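Hello,

I am passing a structure on to you, and I hope you enjoy looking through it. Please open it first and then read my notes below.

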Amino acid sequence: MPTMIGYHEIKDAQRWLSSPKREELFGPIGITNIRTFVDPRNPTRAAVLMDIPDMDAFVAVMQTDKAREAMQHDGVLPETLVMLLEQ
């Protein structure tokens, strides 16, 4: 199962950390082991690590309005999103 890290900037660390949107968006497509990280020196930088059983489903969900709405709700700056796939 591929593991991915998504790195991005956020507006508010506490809002992002406490949001249920990651689980709501990714849970239905089987994504597990979702872990969150915030830069202690700059709390506007954050990352999420997760195990993705179906990359096609992940790519598809990331292109939906639901994903855009979740990122907006969480204060993610989508233009800063970088995804790294474990090799």
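Predicted model: local features only at pLDDT ≥ 70, side-chain atom pairs only at ≥ 80, totals over all residues.

Residues are numbered from 1 along each chain as its sequence is written, and side-chain values use heavy atoms, with hydrogens and water left out.

Let's start with the sheet. It is open and antiparallel, with 4 strands in the order 2-3-1-4; strands are DSSP runs of E with at least two residues, helices runs of H or I with at least four, both numbered from the N terminus, and two strands pair if DSSP finds at least two bridges between them. Strand 2 (32-38) and strand 4 (76-85) each have a single partner strand, so one side of each lacks a neighbour in the sheet. Between strand 2 and strand 3 there are 5 bridges, and F37 has A47 in strand 3 as its bridge partner.

Next, T3. This residue lies in strand 1 (residues 3-10) and counts as buried because its relative accessibility is 16% (buried is under 20% relative accessible area, exposed over 50%, partly exposed in between, with a 1.4 Å probe and protein chains only). Setting aside neighbours within four places in sequence, T3 is in contact (heavy atoms within 4.5 Å) with L49, M50, D51, L84, L85 and E86.

Happy exploring!
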